[in-house]
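The stops below are given in the order in which to select them.

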Amino acid sequence: MRIVIIGNSGSGKTWLAKSLAEKASVSVMHLDEVFWLPNGFNEQRDPTEVSRLIDSKKDKPVWIVEGVYGNLASQFLPSALALVWLDVPWAVCKQRRELRGAESKAHLNREQSEQGLLELVHWAEAYWSRLGSSSYVAHLEMFETFSGYRFRLQNEAQVDGYLKSV
């Protein structure tokens, strides 16, 4: 099992990765933990360190990687067997972010400021219009060009069905 899960913030990537990991006793690499230095979401990791972390994981026989960062996720694709794209509407992502409430301040046991959360919501809302590797357009291109098993899940029923089939 070598699975990459991509999607917008609030799409359910972390939940799906954890659910798959529990079923298969596989470790999960959260790209937030690769991109950001420990103890917060305020300082990016040095690119050399990011590359080292990715290289240490991608050649292992089993893993699950999840995150919005297309430039990081794409580095796992040559070794991946499957790509799962959680392509859910903004209303769903927004509702999930709001339901997290205070939990979002400590997402993945890391602190985030109120200002940082507000910026994240604005950034996530622009998923369909922004450019760059963490955008809808970039995720679509990754999905369309990936040669392994591809799953584009657009609602909770499809996610549940995928999880039951694995």
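**Whole chain**

This is a predicted model, in which local features need pLDDT of at least 70 and side-chain atom pairs count only at pLDDT 80 or more, while totals for chains, interfaces and linings use all residues. Residues are numbered from 1 along each chain as its sequence is written, and side-chain values use heavy atoms, with hydrogens and water left out.

Colour by secondary structure. The chain has eight helices and five strands, where helices (H or I, at least four residues) and strands (E, at least two) are DSSP runs numbered from the N terminus. Their order from the N terminus is β-α-β-α-α-β-α-β-α-α-α-β-α. Of the 166 residues, 48% are buried; buried means under 20% relative accessible area, exposed over 50%, and partly exposed in between (1.4 Å probe, protein chains only). Among contacts (heavy atoms within 4.5 Å) between residues at least 6 apart in sequence, 72% join residues at least 24 apart.

Select E1 (2-7). Five of its six residues are buried, so E1 is largely enclosed by the rest of the structure. Two strands count as paired if DSSP finds at least two bridges between them. E1 pairs with E3 in the parallel sense over four bridges, and Ile3 has Ile64 of E3 as its bridge partner. E1 and E4 also run parallel, joined by five bridges; here Val4 stands opposite Leu83 and Gly7 opposite Leu86.

Move to E4 (82-86). Which residues cover its two sides? Ala82, Val84 and Leu86 are buried on one side, and Leu83 and Trp85 on the other. In a regular strand the side chains alternate between the two faces of the sheet. Five bridges join E4 to E5, again in parallel, with Trp85 opposite Arg152.

**Nonpolar cores**

Show side chains for Val4, Leu31, Val34, Leu72 and Phe76. In the largest nonpolar core, which has 26 residues, these touch the most other members. A nonpolar core is a set of buried Ala, Val, Leu, Ile, Met, Phe, Trp, Tyr and Cys residues joined through side-chain atoms within 4.5 Å. Elements that each supply at least two residues of this core include E1, H2 (31-35), H3 (47-58) and H7 (136-145).

Centre on Phe76. Leaving aside neighbours within four places in sequence, the contacts of Phe76 are Val4, Met29, Leu31, Ile54, Lys57, Lys58, Trp63 and Val65. Apart from this core lies another, of 15 residues, including Ala21, Ile64, Val159 and Tyr162.

**Helix H7**

Select Tyr136, Ala138, His139, Met142 and Phe143, the buried residues of H7. Looking down the helix axis, they fall within an arc of 165° (taken from the directions from the axis to the C-beta atoms), so they line one face of the helix. Among the elements covering them are E1, H4, E4 and E5.

**Salt bridges**

The structure holds four salt bridges, each a side-chain nitrogen of Lys or Arg within 4 Å of a carboxyl oxygen of Asp or Glu.

- Asp87 and Arg152 meet at 2.9 Å, N to O. Asp87 lies in the loop between E4 and H5 (90-100) and Arg152 in E5, so the pair ties together parts 65 residues apart in sequence. Asp87 is buried at 7% relative accessibility; Arg152 is partly exposed at 30%.
- Arg96 and Glu156 have their closest N and O atoms 3.5 Å apart. Arg96 is in H5 and Glu156 in H8 (156-165), so this pair ties together parts 60 residues apart in sequence.
- Lys58 and Asp55 have their closest N and O atoms 3.4 Å apart. Both lie in H3, three residues apart, about one turn of the helix.

Finish with Lys57 in H3 and Glu66 in E3. For these, Lys and Arg count as positive and Asp and Glu as negative; His and the chain ends are not counted. Lys57 is buried without a salt bridge, and the nearest side chain of opposite charge, Glu33, is 9.3 Å away. Beyond four places in sequence, Lys57 touches Ser27, Met29, Trp63 and Phe76. Glu66 is also buried without a salt bridge, with Lys13 the nearest opposite charge at 4.8 Å.
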